[in-house]
Amino acid sequence: MEMWNNPSCSKCATARASLDEARVPYRLRAYLAEPPSAAELTEVLRRLEARAWDICRTGEPAAAALGMAEWPRDDDTEPRWIEAMVAHPELIQRPILLLDDGGALVGRTPEALDEAVRRSER
């Protein structure tokens, strides 16, 4: 699996520790240094079965500066959300786990991490 990782994020540290403890192999992607393209982020959203605003950290200063809290959340504006997150990758929720089975999870809860471990054992 691939994990979109921010080394200074406590949720990412918890995810790494959980995967290490379960001996699940993973690759880290420093998504702040290596931001996804719009196409990659769109594919991740498909894998997550989520919309862009579902994984956007709207409390971040960049989101406030862009006024994202007021942006519509509809099909027509989703590309705008994606472009903002590509331009400001700190807006992307973390950690995102891209599973080898083709799915994806946001690994912020113990339940999501348990699910990632379970699905990696298939």
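The questions and answers below go through some local features of this structure, which is a predicted model.

Q: At what angle do helix H2 and helix H4 pack?
A: Helix H2 covers residues 38-48 and helix H4 covers residues 78-87, and their axes lie 9 Å apart. H2 passes H4 in a right-handed crossing. The angle at which the two helices pack is about 115°.

Q: Which residues of H4 are met by residues of H2, and how many residues of this contact are nonpolar?
A: From H2, the contact involves Ala38, Leu41, Thr42 and Leu45. On the side of H4, the residues that they meet are Glu78, Ile82, Glu83, Met85 and Val86.

Q: Is Arg57 buried or exposed?
A: Arg57 lies in the loop between H2 and helix H3, which spans 61-66. Among the residues that Arg57 touches, leaving aside those up to four places away in sequence, are Ala63, Leu91, Ile92 and Arg108. Because its relative accessible area is 18%, and the cut-off for a buried residue is under 20%, Arg57 is buried.

Q: With the side chain of which residue does the side chain of Arg57 make a polar contact?
A: Arg57 sits in the loop between H2 and H3, and its side chain takes part in a polar contact at 3.1 Å. The partner in that contact is the side chain of Glu60.

Q: How many disulfides does the structure hold?
A: A disulfide is a covalent bond between the sulfur atoms of two cysteines. The sulfur of Cys9 has its closest cysteine sulfur in Cys12, at 3.6 Å, which is too far for a bond, because a disulfide needs the two sulfur atoms within 2.5 Å. For Cys56, the closest cysteine sulfur is in Cys9, and at 15 Å it is also too far for a bond. The number of disulfides in the structure is 0.

Q: What is the relative accessible area of Cys56, and is this residue buried or exposed?
A: The cut-off for a buried residue is under 20% relative accessible area. Cys56 has a value of 8%, so Cys56 is buried.

Q: Which elements are included in what covers the buried residues of H5?
A: Helix H5 runs over residues 110-120, and its buried residues include Ala112, Leu113, Ala116, Val117 and Arg119. The cover over these buried residues includes helix H1 (10-21), strand S3 (96-98) and strand S4 (104-106).

Q: Where is Pro95 found, and is the peptide bond from Arg94 to Pro95 cis or trans?
A: Most residues other than glycine have a negative phi, and most peptide bonds are trans. Pro95 is found in the loop between H4 and S3. With omega near -10°, the peptide bond from Arg94 to Pro95 is cis.

Q: What is the phi of Arg23, and what is the phi of Glu49?
A: Arg23 is in the loop between H1 and strand S2 (27-29), while Glu49 is in the loop between H2 and H3. Arg23 is exposed, with a relative accessible area of 75%, and Glu49 is exposed at 77%. Although Arg23 is not a glycine, its phi is positive, at about 60°. Glu49, a residue other than glycine, has a positive phi near 55°.

Methods
Residues are numbered from 1 along each chain as its sequence is written. This is a predicted model: local features need pLDDT of at least 70, side-chain atom pairs count only at pLDDT 80 or more; totals for chains, interfaces and linings use all residues. Side-chain values use heavy atoms; hydrogens and water are left out. Axes are lines fitted to C-alpha atoms, for helices over the stretch in contact, and angles run from 0 to 180 degrees between N-to-C directions. Helices (H or I, at least four residues) and strands (E, at least two) are DSSP runs, numbered from the N terminus. A crossing is left-handed if the near helix is turned anticlockwise from the far one by less than a right angle, and right-handed if clockwise. Contact means heavy atoms within 4.5 Å. Buried means under 20% relative accessible area, exposed over 50%, partly exposed in between (1.4 Å probe, protein chains only). A polar contact is a pair of N or O atoms within 3.5 Å; within protein, one must be able to donate a hydrogen and the other to accept it, and residues adjacent in sequence count only if both atoms are side-chain atoms.
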